[in-house]
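Subject: A structure for you to look at

Hi,

I am handing over the structure below, followed by my notes on what turned up in it. Have a look when you get a moment.

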Amino acid sequence: MRARTAILISGRGSNMASLIAAAADPAFPAGIVLVISNVGSAEGLKHAAAAGIATKAIPHKAFASREAFDAALDAALGEAGVQIVCLAGFMRILSDWFVRKWEGRLLNIHPSLLPAFKGVRVHEQALQAGVRVSGCTVHFVVRELDAGPIVAQAAVPVKPDDTPDTLAARVLQAEHKLYPAALRQLAEGKVKLKNGRAVFA
Ligand code: GRF
């Protein structure tokens with residue numbers, strides 16, 4: 001049985017597309033059963049629908065509180081029998097209860113080599129710091145932002161003439177390979193979250 005996986009997006013959804021492409025292979029251990037966006041106009045929703053995947057827009061602005069929005073998310077995931085949730089450019093902070101409920105089954109991708117450069121304007125931060133290598137990280141989501149146990153990382157060089165955009169594009173290419181590989185590991189039970197740490201089989 002393939003692990004029933006949902007992807008949460010807010011925008012373009014290129015990481016989502018890489019996960020959908022990987023899961024198009026029936027031998028991939030996870031199947032993408034639902035894509036949810038908190039932004040109704042997100043480009044990624046169109047791509048997912050065109051790929052024949054169930055999509056749902058749950059606009060956060062329609063809810064009075066973060067908890068109410070997260071409850072709607074959780075209900076949609078429950079209805080679809082989702083087992084694993086991948087955040088892919090999902091620009092909302094999730095409530096503690098949601099994170100706890102999905103603990104060990106909730107992944108995020110971040111475009112830096114964590115714990116360096118958390119938050120936003122990540123590539124600006126990297127260029128500002130003058131690092132010669134950057135990259136991307138897939139991690140379990142925990143309460144603290146961009147701080148969860150690391151599942152997988154990939155490094156890319158920073159070139160002397162890089163701008164935030166050129167670095168972002170190079171990192172993004174690495175993201176598109178890394179996220180499917182990390183989802184595979186989780187779906188195959190080769191990585192687990194135990195006592196706040198990623199444990200590898
Ligand atoms: C990616 O760089 C991801 O690491 C970050 O937001 C960006 C989303 O891009 N969290 P996309 O929507 O997957 O194209």
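The largest pocket has a volume of about 930 Å³. Here a pocket is an open set of points on a 1 Å grid over the protein atoms alone, with protein on both sides within 12 Å along at least five of seven lines, and lining residues have an atom within 4 Å of a point. Points are joined across faces, edges and corners, and the volume is the space filled by probe spheres set on them; the probe is 1.4 Å. Of the 39 lining residues, Gly89, Phe90, Met91, Ile109 and Pro111 are the closest to the centre of the largest pocket. The elements giving two or more residues to this lining are H1, strand E5 (106–110), helix H5 (122–129), strand E6 (133–140) and H6. By class, the lining has 20 nonpolar, 12 polar and 7 charged residues (nonpolar: Ala, Val, Leu, Ile, Met, Phe, Trp, Tyr, Cys and Pro; charged: Asp, Glu, Lys and Arg; polar: the others, Gly among them).

Before you go further, please note that this is a predicted model, in which local features need pLDDT of at least 70 and side-chain atom pairs count only at pLDDT 80 or more, while totals for chains, interfaces and linings use all residues. Residues are numbered from 1 along each chain as its sequence is written, and side-chain values use heavy atoms, with hydrogens and water left out. Helices (H or I, at least four residues) and strands (E, at least two) are DSSP runs numbered from the N terminus.

Now the helix packing. The axes of H1 (residues 14–23) and H6 (residues 164–187) come within 9 Å and cross at roughly 45°; axes are lines fitted to C-alpha atoms, for helices over the stretch in contact, with angles from 0 to 180 degrees between N-to-C directions. H1 and H6 are therefore oblique to each other (under 35 degrees counts as roughly parallel, over 145 as roughly antiparallel, 65 to 115 as roughly perpendicular, and the rest as oblique). Their crossing is right-handed, which is the case when the near helix is turned clockwise from the far one by less than a right angle, anticlockwise being left-handed. In this contact (heavy atoms within 4.5 Å), H1 contributes Ser14, Asn15, Ser18, Leu19 and Ala22, and H6 contributes Leu172, Glu175, His176, Tyr179, Pro180 and Leu183. These divide into 6 nonpolar, 4 polar and 1 charged residues.

H1 also packs against helix H2 (residues 43–50), with axes that come within 9 Å and cross at roughly 15°. That makes H1 roughly parallel to H2. Met16, Ala17 and Ile20 of H1 meet Gly44, His47 and Ala48 of H2, a contact with 4 nonpolar, 2 polar and no charged residues.

H5 and H6 have axes that come within 9 Å and cross at roughly 110°, so H5 is roughly perpendicular to H6. His123, Glu124, Ala126 and Leu127 from H5 meet Pro164, Leu167, Ala168 and Val171 from H6.

Finally, what is worth checking in the loop between E5 and H5? Pro115 lies there, and a cis peptide bond joins Leu114 and Pro115, with omega about 10°. Arg121 lies in that loop too, and its phi is near 50°, a positive value in a residue other than glycine.

Best wishes
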